[in-house]
Amino acid sequence: MWNRPRFDLKVRLTLRVAAISAACFAAISAYFLVSADSAAHARIDGIAAIVAKTLELQQGKIQWVASPRSDFPNLDPVSAHVMTPGLCLGFRSPSGDMLQRFCSGAPAPASPPPHAFAAFYRSLFDPGREAARPVIVRGTKLGETVVSVDPAVQTAEAWHEAGRLMIALAIALPLLCGLIYAALARALRPTRMIGNGLERIAAGDLTTRLPPFDLAELSAIRDVFNHLAESLDTALAERNELTRKLIALQDEERRHLARELHDEFGQSLAAIRALAASARQTAAQDCPGLLGECDSIARTATGMMETLRGALFRLRPPDVDELGLVASLEGLVSGWNGRSRGQTRFDIRFDGAFESVPASVGANLYRIVQEALTNAAKHAGATKVSLHLTMSESQIALAVEDDGRPNEAAVKSGMGLLGMRERVAALCGRLSFETGPDGSALRVFIPLAAADRQALEHAA
C-alpha cells in the first residue's frame with residue numbers, strides 16, 4: 001500500500017479554495033486581455049476606415065475642382081485628430097510602395113511590463129498587427145490606408161489593464177486564504193474533541209461522551225460516537241459480569257475437586273501407609289526380607305501425600321477472608337521459597353493498609369500472584385522474583401519482576417496470562433506484561449471503586 005503524505009484538512013481545503021480562486025482570477029485576467037486586444041484592434045480598424053474615407057474625399061475634391069496641383073495623399077488633416085502615442089498612419093500604393101507615413105512618438109511607460117508578460121502577450125495576441133482599408137474612387141482602387149500601433153505601447157496598455165487585476169489578486173488571494181483557514185479552523189474545532197474522545201475510548205474510558213455540535217454532520221458523528229460508547233460500556237460490563245461468574249464457577253470447581261482428592265485420594269494414601277506399616281511389623285517377625293519393600297511402599301505413599309498436599313494447596317488456597325491478604329501472600333511466598341530449595345529466591349513487599357480489601361478482590365489477587373509465581377519459577381527459570389503490592393487511595397498496584405527468560409508458549413498455556421487478564425478485567429483493572437533481556441515484569445492496576453463495587457455484588 002502506498003504511503004501518501006498526510007495533510008491537515010484545513011490546509012487541504014484552503015489550498016483547494018486558493019487554487020479555484022487563482023483559476024477564477026486567471027480566467028478574469030484572460031478575459032480582460034482578450035477584451036483589451038479586441039478593443040485595440042477595433043480602434044485601429046475604425047481609424048483606418050476614417051483615414052480611408054478622408055482620402056477618398058480628398059481625391060473626389062481634387063477631381064471636382066480639376067486642380068492641376070495635387071497633394072494627394074495628404075494625411076495631415078486627419079492625423080491631427082486621430083493621432084495617439086505609438087500610432088502610425090500610412091498610405092500604400094497599389095504597387096505596395098508606402099507613399100506617406102506618420103508615426104507619433106511613444107513615451108516611456110512609468111511602469112514597463114515584465115519581459116515574461118510581454119513575451120506571453122506577443123505570442124498570443126500579435127500586438128503589432130496592421131489594419132488596412134482600401135481607398136476607392138469611382139470604382140478605381142487608388143491604394144490603401146495602413147494603421148498600426150507600436151507593439152510596446154499596446155503591450156504596456158494591456159499590462160496596465162491586467163496588472164491592476166494581478167495586483168488585486170496578489171493582495172486578495174493570501175488574505176482570502178487566511179480568512180478561509182481561520183473559518184475552517186473555527187468550524188472544525190470540534191474534530192479535536194472527537195479525536196480526544198476516541199483516544200479516551202481507546203484507553204478504556206468508556207464513560208466518555210461528546211457534547212452537542214452546531215454542524216449537522218458533526219452532530220451525526222456525535223450521536224454515533226455516544227451510542228457506540230454506551231454499547232461498548234454495556235458489553236464490557238456484561239463481559240466482566242460473565243467473567244466474574246466463570247471465575248467464581250472455576251474456583252468452586254477447584255474447591256470441589258480439592259475436597260474429592262482430600263476425602264478419597266488422601267484417605268486411600270493414608271490407608272496405604274497404614275497397611276505398609278502393618279506389613280512391615282509382620283515382615284519383621286515372619287519374613288525380614290520384605291522389610292525393604294514395605295519401607296519402599298511407605299516412602300512412595302509419603303511422597304504421594306506431599307504431592308497431594310501441594311496440589312490441594314494450589315487448588316484450594318488458604319481462606320483470604322480469615323487470614324487476610326498479606327498473611328496469605330506471605331505464606332504463599334514462604335511455600336515457594338521452601339519448595340525451590342534455594343534455586344529461586346522469592347521476595348515480597350507491601351506498602352499500604354490491606355485490611356479493608358474485600359475478600360473477593362483479595363482472592364483474585366492471590367490467584368494472580370500464584371499464577372505469576374508459577375510462570376516465573378517454572379517457565380522463566382528465574383533465580384530471583386520480587387513482588388511489590390501497593391495500595392493507594394485510588395487503586396491497588398501489583399508488580400511482579402523476575403530475572404528469567406520466559407517461554408511465551410509456556411506462559412500462555414493453561415491459565416497463564418489469559419487467566420490473569422480475565423481476572424483483572426473482571427475487576428475493571430489493567431494488566432501489562434513486558435519482557436526484555438534482563439527479565440520480565442508483570443504489572444496490575446485495580447481501581448478501588450471497581451473493587452468496592454464487585455464486593456457489593458459478591459455480597460448481594
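Biologist: Among contacts between residues at least 6 apart in sequence, what share joins residues at least 24 apart?
Modeller: This is a predicted model, where local features need pLDDT of at least 70, side-chain atom pairs count only at pLDDT 80 or more, and totals for chains, interfaces and linings use all residues. Residues are numbered from 1 along each chain as its sequence is written, and side-chain values use heavy atoms, without hydrogens and water. A contact means heavy atoms within 4.5 Å. For contacts between residues at least 6 apart in the protein chain, the share joining residues at least 24 apart is 65%.

Biologist: How many helices and strands does the protein chain have?
Modeller: Both are DSSP runs, numbered from the N terminus: helices (H or I) of at least four residues, strands (E) of at least two. The protein chain has 13 helices and 9 strands.

Biologist: What percentage of the 460 residues is buried?
Modeller: Buried means under 20% relative accessible area, exposed over 50%, partly exposed in between (1.4 Å probe, protein chains only). Ala426 in helix α12 counts as buried because its relative accessibility is 9%. Val11 in helix α1 (residues 9-65) is partly exposed, at 30%. Of the 460 residues in the protein chain, the buried share is 36%.

Biologist: Which residues does UniProt list as "transmembrane region"?
Modeller: The record is an unreviewed entry. In the model, residues 13-34 are 100% helix, with end C-alpha atoms 31 Å apart. Residues 165-184 are also 100% helix, with ends 27 Å apart. The UniProt listing is residues 13-34 and 165-184.

Biologist: How far apart in space are Ala426 and Leu236, C-alpha to C-alpha?
Modeller: In sequence, Ala426 and Leu236 are 190 residues apart. In space, their C-alpha atoms are separated by 9.4 Å.

Biologist: Which residue forms a salt bridge with Arg92?
Modeller: A salt bridge puts a side-chain nitrogen of Lys or Arg within 4 Å of a carboxyl oxygen of Asp or Glu, and the count here is 7. For Arg92, the closest N and O atoms of the pair are 2.7 Å apart. The pair links strands β1 (residues 87-92) and β4 (residues 140-149), so parts 52 residues apart in sequence are tied together.

Biologist: Where does Arg209, the salt-bridge partner of Glu230, lie?
Modeller: The closest N and O atoms of Glu230 and Arg209 are 3.9 Å apart. Glu230 is partly exposed, at 41%, as is Arg209, at 34%. Arg209 is also in contact with Asn226. Glu230 lies in helix α6, whereas Arg209 lies in the loop between α5 (189-202) and α6.

Conventions. UniProt positions are given in the numbering used here, feature names are shortened, and annotations may be inferred rather than shown by experiment. Lists of a residue's contacts leave out its neighbours within four places in sequence.
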